[in-house]
Amino acid sequence: MLLRGSILAVSVALAALCGSRAASAQGAFTLTSPSFKDGERLAVKNAGNNKSNPNCVGENVSPALSWSNPPEGTKSFALLMFDPEGRPPGGVSHWVAYGIPASVTGFAEGEVSKPSDKYVGGTSLMKLSNYFGPCTPPGPQHHYTFTLMATDLEPTALAPGLTREEAIKALEGHVKQATGLIGAFSKP
């Protein structure tokens with residue numbers, strides 16, 4: 001539970017660093033998934049499918065994600081998927097997406113397992129521009145943090161291929177608000 005609190009604290013700090021503002025009058029900006037509840041285990045099908053890695057036991061089907069109540073003036077969204085426990089001390093960036101138009105309110109199951117015209121793909125640790133699921137080694141669960149940021153940037157403002165760190169730096173001062181969702185996974 002202490003780790004979960006630390007992960008949430010880091011997400012809140014990231015939002016504050018990027019210029020988080022108060023929630024909109026219409027309700028809280030939220031990220032949800034019909035595939036899993038916040039803090040619960042991701043399905044095996046959501047795990048990575050790199051057959052050369054025995055820890056990749058899934059089908060790499062991205063979970064469905066949806067969001068609501070973005071702050072007024074949102075022009076695009078950025079979405080990061082990060083495993084802070086992976087490959088200590090740096091963690092593992094599983095997915096970097098930005099330039100998601102404000103008209104997009106989510107992704108269907110499996111939709112971002114491949115590149116899409118609904119987002120600009122960054123570069124994950126695996127050198128991919130799309131979702132790549134957990135490949136958790138045996139042992140304790142890892143926590144996969146999905147952080148969605150509402151930005152004041154046009155969807156075409158950032159070049160494709162940014163790493164997580166480059167995207168965070170480029171988003172500084174442009175994030176209106178952030179929200180998150182945590183999925184857990186361990187090798188069955």
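These legends walk through several close-up views of a predicted model. Residues are numbered from 1 along each chain as its sequence is written, and side-chain values use heavy atoms, leaving out hydrogens and water. Local features need pLDDT of at least 70 and side-chain atom pairs count only at pLDDT 80 or more, while totals for chains, interfaces and linings use all residues.

**View 1. The largest pocket and its lining.** About 260 Å³ of space lies in this pocket. On a 1 Å grid over the protein atoms alone, a pocket is an open set of points where a 1.4 Å probe fits, with protein on both sides within 12 Å along at least five of seven lines; lining residues have an atom within 4 Å of a point. The lining has 17 residues, and N53, R87, V92, H94 and C135 are the closest to the pocket's centre. Strand 4 (92-101) and strand 7 (142-151) are the elements that give two or more residues to this lining; strands are DSSP runs of E, at least two residues long, numbered from the N terminus.

**View 2. T151 in strand 7.** Look for T151 in strand 7. T151 is buried because its relative accessibility is 1%, and buried means under 20% relative accessible area (1.4 Å probe, protein chains only). A polar atom of the T151 side chain sits 3.1 Å from the backbone nitrogen of L153. Beyond neighbours within four places in sequence, T151 has contacts (heavy atoms within 4.5 Å) that include G73, K75, L171 and H174.

**View 3. W67 and its surroundings.** You will find W67 in strand 2 (residues 65-68). W67 counts as buried because its relative accessible area is 6%. Although W67 and F29 are 38 residues apart along the chain, their C-alpha atoms are separated by 7.3 Å. Not counting residues up to four places away in sequence, W67 touches F29, F77, I100 and L148, among others. A polar atom of the W67 side chain lies 3.0 Å from the backbone oxygen of V104.

View 4. Most residues other than glycine have a negative phi, and most peptide bonds are trans. Here, a cis peptide bond joins P88 and P89, with omega about 5°. P89 belongs to the loop between strand 3 (76-83) and strand 4. N69, in the loop between strand 2 and strand 3, has a positive phi near 60°. K127, in the loop between strand 6 (120-121) and strand 7, has a positive phi of about 65°. K127 is exposed, with a relative accessible area of 68%, where exposed means over 50%.

Terms used: Points joined across faces, edges and corners; volume = space filled by probe spheres on them. Helix = DSSP H or I, 4+ residues; strand = E, 2+ residues; numbered from the N terminus. Polar contact = N/O pair within 3.5 Å; in protein donor to acceptor, adjacent residues only side chain to side chain.
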